[in-house]
Amino acid sequence: MRKLLNTIFVTTNDAYLALDGENILIKVENEIKGRVPLHNIESVVTTGYLGASPALMRKCAEKNINLTFLTTTGKFGSRLSGPVTGNISLRKKQYRISDNESKSLEIARHFIIGKLYNQRWMLERVAREQTLRIDVEQFKMISQELKETIGKIQEVNDLDTLRGLEGQAANRYFLLFDQMILQQKESFGFYGRTRRPPLDNVNAMLSLAYTLLAQECSSALEIVGLDPYSGFMHQDRPGRPSLSLDLMEELRGIFADRFVLTMINKRIVTAKDFIKKENGAVILTDEGRKKFFFNWQEKKQEQIQHPFLGEKIQWGLVPYAQALLLSRFLREDLDGYPPFLWK
């Protein structure tokens with residue numbers, strides 16, 4: 001199993017990445033701030049707006065090291081990767097299913113069932129552990145609604161209905177998100193999702209977490225031979241990794257949302273780690289991004305028991321495990337795609 005954990009994060013906005021032999025140089029105003037060997041690196045993620053040298057980009061492509069550029073708000077900018085590899089027969093099967101709504105629906109419904117199942121687990125756990133700090137009855141009510149929605153999803157006959165049910169469930173789930181923020185309420189109030197741009201501290205962190213998770217899923221899909229841009233639920237759109245967005249649905253709550261809540265509730269980030277720009281966008285400071293990326297990597301190292309495989313793996317390998325299971329289903333080695341159902 002190929003490790004998906006060795007990611008280098010460059011958080012300084014005015015950093016320039018260059019190549020020196022078999023090393024990445026991190027320069028700020030022509031001063032070398034860091035040197036990282038290329039061996040064992042799987043990917044590089046940078047928020048620097050100065051970019052990278054052509055020599056480094058060529059070397060990364062040769063070594064199949066993904067080089068991803070994010071904006072300061074955490075929005076995906078672009079990604080450089082090496083030559084496309086993978087089983088052409090598998091990709092052809094993927095494209096045929098993607099063009100067939102009924103077959104796409106059979107896979108897409110499992111992504112959303114996994115998502116709602118995991119969100120219910122989160123709500124149920126908070127309701128058990130924080131009885132004096134939340135509206136327990138509201139949590140139980142919305143958890144029951146998500147359970148009923150899972151039942152409806154198993155009966156839907158078209159993708160538009162599935163998308164509608166998923167959107168309704170997301171609105172109900174996020175209605176409780178503010179209550180799951182137990183510390184620093186004065187600086188981390190949540191009043192709904194804002195994306196382009198994020199308008200508060202919580203949304204700034206959620207957007208960055210979702211961007212990173214999408215990149216993890218894209219890398220995992222490419223490794224098993226699938227095309228991240230041809231999805232089953234998310235419609236194809238130039239430049240959008242639709243299958244990556246499909247695959248990450250079941251991991252949004254259980255990984256990304258829980259990570260953001262932990263960062264806030266454990267006071268790993270505070271109000272001083274954010275700044276507000278003239279257009280209203282809220283972004284993490286350089287120091288805030290360092291904390292975010294460091295703890296993201298730490299989270300990926302945690303060992304868990306995969307609920308379907310029954311094996312202990314690291315959280316960072318869950319996207320790869322799910323991509324592998326999806327590819328096995330498309331090859332007809334499995335009767336159905338098993339979503340990640342956290343227990």
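Q: Buried means under 20% relative accessible area, exposed over 50%, and partly exposed in between. So is Lys115 buried or exposed in this predicted model?
A: Take the relative accessibility of Lys115, which comes out at 6%. That is under the 20% cut-off, so Lys115 counts as buried.

Q: Which residue's side chain meets that of Lys115 in a salt bridge at 2.9 Å, N to O?
A: Start from helix H3, where Lys115 lies; the partner lies in helix H8 (residues 242-265), so the pair ties together parts that are 134 residues apart in sequence. The partner is Glu249.

Q: How do H3 and H5 run relative to each other, roughly parallel or roughly perpendicular?
A: Helix H3 (residues 101-129) and helix H5 (residues 159-174) pack with their axes 10 Å apart, at an angle of about 10°. Angles under 35 degrees count as roughly parallel. H3 and H5 are therefore roughly parallel.

Q: How many nonpolar residues are in the contact of H3 with H5?
A: H3 brings residues including Leu105, Ile112 and Lys115, while H5 brings Leu162, Glu166 and Tyr173 among others. Sorted by class, the contact has four charged residues and two polar ones, and the nonpolar count is ten.

Q: Which residue pairs with Glu106 in a salt bridge?
A: Glu106 is partly exposed, at 42% relative accessibility. The partner counts as buried at 8% relative accessibility, and the N to O distance is 2.9 Å, to Arg109.

Methods
Residues are numbered from 1 along each chain as its sequence is written. This is a predicted model: local features need pLDDT of at least 70, side-chain atom pairs count only at pLDDT 80 or more; totals for chains, interfaces and linings use all residues. Side-chain values use heavy atoms; hydrogens and water are left out. Axes are lines fitted to C-alpha atoms, for helices over the stretch in contact, and angles run from 0 to 180 degrees between N-to-C directions. Helices (H or I, at least four residues) and strands (E, at least two) are DSSP runs, numbered from the N terminus. Angles under 35 degrees count as roughly parallel, over 145 as roughly antiparallel, 65 to 115 as roughly perpendicular and the rest as oblique. Contact means heavy atoms within 4.5 Å. Ala, Val, Leu, Ile, Met, Phe, Trp, Tyr, Cys and Pro count as nonpolar, Asp, Glu, Lys and Arg as charged, and the others, Gly among them, as polar. A salt bridge is a side-chain nitrogen of Lys or Arg within 4 Å of a carboxyl oxygen of Asp or Glu. Buried means under 20% relative accessible area, exposed over 50%, partly exposed in between (1.4 Å probe, protein chains only).
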